[in-house]
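Open the model in your viewer and keep the selection panel at hand. This tour goes stop by stop.

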Amino acid sequence: MAYIDEAFATNWIAPLGKNVTEFENEMCVKTGANQAIAMSAGTAALHMALHYVGVGRGDVVFCTSMTFAASCNPIVYEGGIPVFIDSEPGSWNMSPAALRKAFRKYPNPKAVVVVNLYGQSADYDEILKITKEHNVPVIEDAAESLGATYKGQMTGTIGDFGVLSFNGNKIVTTSGGGMLLCKTEEEKAKILKWITQSRDPARHYQHTELGFNYRMSNICAGIGRGQLTALDERVAKKTEIYNTYRDAFSDIPVDMMPVCDYGVPSFWLSCMTVRGCDPVKLMEALEAENIESRPIWKPMHLQPFYEGCDYFMHEGDVSKGIFETGICLPSDTKLTQEQQNRVIEIIKAQF
Ligand SMILES: Cc1ncc(COP(=O)(O)O)c(C=O)c1O
């Protein structure tokens, strides 16, 4: 509230102001990123990363299949052709083996969008080994993984570009917003110009490039600054929620989303797959008690809109299997022990 009040008191509501600059600076300090650009949405940040690397009509872009549609929709905004990559069972994230297969058929994609699913990093050493061989830029979709690390490094800073989301359901929210993390001042300057309508430095309104209206407001940035101070506490709470489910479900036929020893997840959502039971039955049992749960993201290669797009599997269709047997459990940081116990009881009663 103090940050927002200050924005009103100084009459810097939008689009510029101290909160925007400070939110970017504070995010750089928190994540170790070189540069940060606050935007109106994570989707906008993904769009600008793809625009920067020059995706155009007919260009192939590889993307994790098991994700939210916002990871790949901006490829289509630019006229690109998404090619989807399966997950590996050990991390639920992009399979390096499937990625290699994709490169065999399409040796020159314009970019690779790698998603860190549900708060866990993908295996970047393996992925970057492949993308470097082909000299292709990596856009790291860290919308769900702010606060998670990969080999000690904060997610969002590993790819050539990193995307954060502050949508209402994320671990840090600005009510709606996003951020692009990048490496150089030149990248930041170019993208800042594009997202503020590409005005040339002239007295009149002059444009030599296509512009976008993607900047974050000073009010939203104020919310973000306050929220960011709670990040560590929220990661700790999300970790506790995951561990409680894991321990409680150790005697029923379910498998929690695996935790890889190459990093520390933020546990944005606690997810699991079930054996010998339809996950819809669990969701309905929870719903009957007014408790919300969700299916796992339906992979993009199974979406009607992306029908016909090429897809490279790991060994068998791993993401389809996780989608068909998976469930996202209630994971909000406001969840009380009592409430979580009720969720656990209802689920265990189904086995
Ligand atoms: C993996 C992933 N990518 C991108 C986005 C898009 O972010 P935003 O809603 O801020 O546009 C989201 C969430 O909304 C997401 O979960």
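The domain bounds used here come from an automatic or database domain assignment. The model itself is predicted.

**Stop 1: the two domains.** Select residues 2-228 and colour them as domain 1, then select 231-348 as domain 2. The C-alpha centres of domain 1 and domain 2 are 25 Å apart. Now show the contact between them: domain 1 puts in 48 residues, and domain 2 puts in 41 residues.

**Stop 2: the buried area.** Interface size is often quoted as the accessible area lost when the parts come together. Here, about 3,900 Å² is buried between domain 1 and domain 2. Carbon and sulfur atoms give 62% of that area. Which three residues supply more than any others of the area that domain 1 buries against domain 2? Select Trp92, Tyr118 and Ile171: this trio supplies 23%.

**Stop 3: polar links across the domains.** Between domain 1 and domain 2 there are 29 residue pairs in polar contact, counted with both residues at pLDDT 80 or more. Next, colour by secondary structure on the domain 1 side. The elements giving two or more residues to the side that touches domain 2 are helix H4 (73-77), strand E3 (81-85), helix H5 (96-105), strand E6 (149-150) and helix H8 (218-228). H5 gives the most, with 5 residues. By class, this side of domain 1 has 24 nonpolar, 15 polar and 9 charged residues.

**Stop 4: salt bridges.** Side chains of opposite charge can pair when their charged atoms come close. The count between domain 1 and domain 2 is 2 salt bridges. Then select Lys105 and Asp310. They form a salt bridge, with the closest N and O atoms 2.9 Å apart.

The overall count is 18 salt bridges. For another, select Arg225 and Glu26, whose closest N and O atoms are 2.9 Å apart. This pair links distant parts of the chain: Arg225 is in helix H8, Glu26 is in helix H2 (residues 18-31), and 199 residues separate them.

**Stop 5: the ligand.** Begin with Thr43: one of its polar side-chain atoms lies 2.5 Å from a ligand oxygen atom. Move to Glu144, where a side-chain N or O atom is 2.6 Å from an oxygen atom of the ligand. Finish at Gly177. Here a polar backbone atom is 3.4 Å from an oxygen atom of the ligand.

Note on methods: Residues numbered from 1 in each chain as written. Predicted model: local features only at pLDDT ≥ 70, side-chain atom pairs only at ≥ 80, totals over all residues. Heavy atoms only, no water. Contact = heavy atoms within 4.5 Å. Buried area = accessible area lost by both parts, 1.4 Å probe. Salt bridge = Lys/Arg side-chain N within 4 Å of Asp/Glu carboxyl O. Polar contact = N/O pair within 3.5 Å; in protein donor to acceptor, adjacent residues only side chain to side chain. Helix = DSSP H or I, 4+ residues; strand = E, 2+ residues; numbered from the N terminus. Nonpolar A, V, L, I, M, F, W, Y, C, P; charged D, E, K, R; others polar.
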